[in-house]
Amino acid sequence: MIFNIGYLLLITALLLSIFGIVTGYLGGQRRNPRLIQSSYNGILAVAGLLILSAIILWYGLLTDKFQVVYIWNHSERSLPVGYKFAAIWGGQQGSLLFWCLVLSVYSVAAVLSIRSRHAAILPYAYATLHASSLFFLVLLVFAANPFRMVGFVPEDGQGLNPLLQNYWMVIHPVMLYFGYVGMAIPFSFAVGALISKQLDSSWVRTIRRWTLIPWMFLSAGIIMGSQWAYMELGWGGYWAWDPVENASFLPWLTATAFLHSVIIQEQRGILKVWNMILIWSTYFLVILGTFTTRSGVLESVHSFARSDVGPYFLGYLIIVVFGFLYLLYTRMPLLRGENQIDGVVSRESAFLANNWLFAGITFATLWGTFFPMFSEILTGDRISVAAPWFNKVVGPLFLALLLLMGVGPLLGWRFTSPEALRRQFTWPTLLALVAAAAMFFVTTNIYPIIGMAICLFVLITILQEYTRGILARRRHNNESIPVAMGQLIRRNGRRYGGYIVHLGIVLIGVAVLGNEFFQQTTNVTLAKGESVEIAGYSLVYTGLESEREGNHVRIGARMVVFDADTGRELSSVLPQRNIYDKNPDMPTSEVGIRMTPLEDVYVVINGWDNSGNSATFTIYINPLTVWMWVGGIVIVLGVLMAIWPNPSQRAAFNREASYVPVAAGD
Amino acid sequence: MAELTEQRSLPQADVAAELPADGVATVPATRAVRVWQAVFVVVPLLFIALLALRLYQTNTSEQRAAGVAPDFTFTTFDGEMIALSELRGQGVVLNFWASWCDPCRDEAVLLEQTWQAEKEKGIVFLGLDYLDQEPQAKAYLDEYRVSYPNGPDLQSKAARDYGIKGVPETFFIDGEGKIAYMVIGPIMSPQQMEQGLSKIRP
């Protein structure tokens, strides 16, 4: 009974969003405040309905109501409570409901905070937000009903996919959803700006915060996915250029380009068409990504239960393409740049190069992801495009981007004088060359040499900027160093927070270089008590340990790690296999890992025999990999610094906002 | 941020922006712009069309996973056209083979013998030649005196629809078009053959 109510709530939300589209659009056309208010209320109402629906599904999950097909397929009695809760995003229908829920909550937050500005754009933004919700509600109501029931109550559920039963599975999809879904907000405002022809740059400034927030979640989600791959899948790496990984990466690329390019639009009024294309691409890639992970068109390690949602997605993609391009083309004359790019050695041209590099990487990733599929359709031959191709094509582009990340912020607007160039770049360049020379002692491979040199270059530019900023504040205000730094960040959060984000990227770059070029590995079968030596470590296999948990058995092979030169015991690692009762042919593994700032000792257990008298392992030594996870945290901190509300900024904003006439929307 | 230029324009009142009225006439889109505009429309649409095609294809493999034998049509080496759907009501033994495939030779005699014995009893044998060339294929068929219908699987379409991982693979399809039994590798004995046949006898 209650689940039928859940379905009814979805239908009601669907009807309300149609209503919201109509009132929003008409309200904007006719400048009718009551229609606009109605559309705004619709956003709140839809959110309320979706929250209730989600609560109903959670109720069913937590109380084992297996007559609901979704719950039957994705849960079981002995599943720990945390995973029962997380099972809402463990399968097709539930995750679509979750998508819709997150979208509605984001919409509420955004419209509440942007309420009093951009009155001309708001009605159309409301309508577009409703349209996004409408698409997913159509899916839920017609193709993927999470509340579908059977006429009897099954004894027990079929269990959650074992691969999904770990800490990461609770957190990584949530981060990704918050990232993906949030991109609908800036997109809706872009559409609103186009429809209302309010194409000056003030909407861009407002929407930047609402792009940074999902960007932060998307970055965190991608890093967590990498961490999951590293810790769980046990192949020594963290990124396989798997189609579904790429699906999350593509919108990240265009969103990052957008975030940077709008700075130029704010300051100089150019690159307006670029920015429209970038935000449109981001939304298109979000929908495309959601489609590819669910429709089965691409094979990947992520496999969702397929259902009939594919054609709906394709229809929506066509609407997004045609609709947006129509709006863009008819408004092109209004998007002409207000200025020119004056010189090559300028911040504007650096950001333009940034756009082109990101576009190149996006295109290459799209190509590599979809080319096998297209080639198979057209020629019948199945090709596979795997990591080596991506690394070869995209690697140099990323190196160039890293370099630009260090150079760009230090160039001047419109033009940089030779004295300024000297002042900004002497130290970073010198130290980078020293680093490159030092690297020659470690390797003769040109890639990591250049890569590390560039990383150091960027690091020095960031340190330089902070040092100069702090020194300047001390000179003017006589502040102590910590206070100076705090004030720098508070007053210029966007700039100095941005530098911290760049620092995080550099750390990730360092980790990638370490893992990619300096990894060592070996495969070995050891008898109990036998040892193996690799990279200055000596690892001894001491025996099997097994434990029973709620719904699985954990079998681990203990390895003690010694320093090979001194014989000192460093630690022990326990690579494990988890064998699940409901899915015995899908064991999962836990990697045994010892992390230090310099390198990871990473052990995977492949098999054992004779009740543990011998076991087979793959051992990796992964240099510098821990910095990837540190870099992820640094990125999040940097974004928080950048979006933190700032008293002086708010005052400036409010001054502008007070020019908006009271009549519309309030 | 001392060096930033102040470019903030105050938000307009409710009136939508008009086209620039500063005396500069609206310049019609240049040729380059029009090319870019066309590219941005055509490329995504092509992309979506290919996705749609691919979606349709994965549906056939879903069918197979559900036990339904995907339909196919092929032309035999003798020029005759045969469609699986026309053979409803009969049991069909569908064998994927190739002239370069050694294990296929292990079952070739058995297949032909069984065909001779079963063809009056409502069982049809079909052979689809995988990734092969006509002269070699015909030579193979002559060598084993194969008399049941054989033809090339053009573009390996049927192979993909049936999800074969190699040759030989044999599918036993019943009168309702469902895959009742499947053998990966050569059929080694008349008993194994009978196991499949018993499931599809009309």
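Helices (H or I, at least four residues) and strands (E, at least two) are DSSP runs, numbered from the N terminus. Keep that naming in mind as you open this predicted model, where local features need pLDDT of at least 70, side-chain atom pairs count only at pLDDT 80 or more, and totals for chains, interfaces and linings use all residues. Residues are numbered from 1 along each chain as its sequence is written, while chains are lettered from A and ligands numbered from 1 in the order in which they are written.

**Stop 1: two loops in chain A**

Start by selecting A:Arg414, in the loop between H14 and H15 of chain A. Its phi is positive, about 75°, although A:Arg414 is not a glycine. Is A:Arg414 buried or partly exposed? A residue is buried if 20 or more other C-beta atoms lie within 10 Å of its own, exposed if 12 or fewer, and partly exposed in between, with C-beta atoms placed from the backbone. A:Arg414 has 18 other C-beta atoms within 10 Å, so it is partly exposed.

Now jump to A:Leu271, in the loop between helix H10 (243-268) and helix H11 (272-295) of chain A. A:Leu271 is another non-glycine residue with a positive phi, near 65°. A:Leu271 is buried because 23 other C-beta atoms lie within 10 Å.

**Stop 2**

Go back to chain A and select residues 418-439, which form helix H15. This helix has 22 residues and reaches 30 Å from its first C-alpha to its last, close to the 32 Å expected at 1.5 Å a residue (the expected span is 1.5 Å times one less than the number of residues). Look at A:Phe425, where H15(A) has a kink of about 50° shortly before the proline A:Pro428. The bend at a residue is the angle between axes fitted to the seven residues ending there and the seven starting there.

Show the side chains of A:Gln424, A:Phe425, A:Pro428, A:Ala432 and A:Met439, the buried residues of H15(A). They pack against helix H14 (387-407) and helix H16 (446-477) of chain A.

**Stop 3**

At A:Phe370, H13(A) bends by about 45°, and the proline A:Pro372 follows within four residues.

**Stop 4: a hairpin**

Select strand E4 (residues 552-563) and strand E5 (residues 569-573) of chain A, which pair in the antiparallel sense over four bridges. Two strands pair if DSSP finds at least two bridges between them. A:Met559 has A:Val573 in E5(A) as its bridge partner. Between the strands are five residues, and in this hairpin A:Gly567 takes a positive phi near 75°.

**Stop 5: domains, then chain B**

Colour chain A by domain: domain 1 is 2-336 + 350-396 and domain 2 is 520-626, with bounds from an automatic or database domain assignment. The C-alpha centres of these two domains lie 38 Å apart.

Finally, turn to chain B, which has five helices and seven strands. Along the sequence they follow the pattern α-β-β-β-α-β-α-β-α-β-β-α. Of its 202 residues, 27% count as buried. Chain B is divided into domain 1 (27-66) and domain 2 (73-200), whose C-alpha centres lie 37 Å apart.

Conventions:
Two residues are in contact if their C-beta atoms, placed from the backbone, lie within 7 Å.
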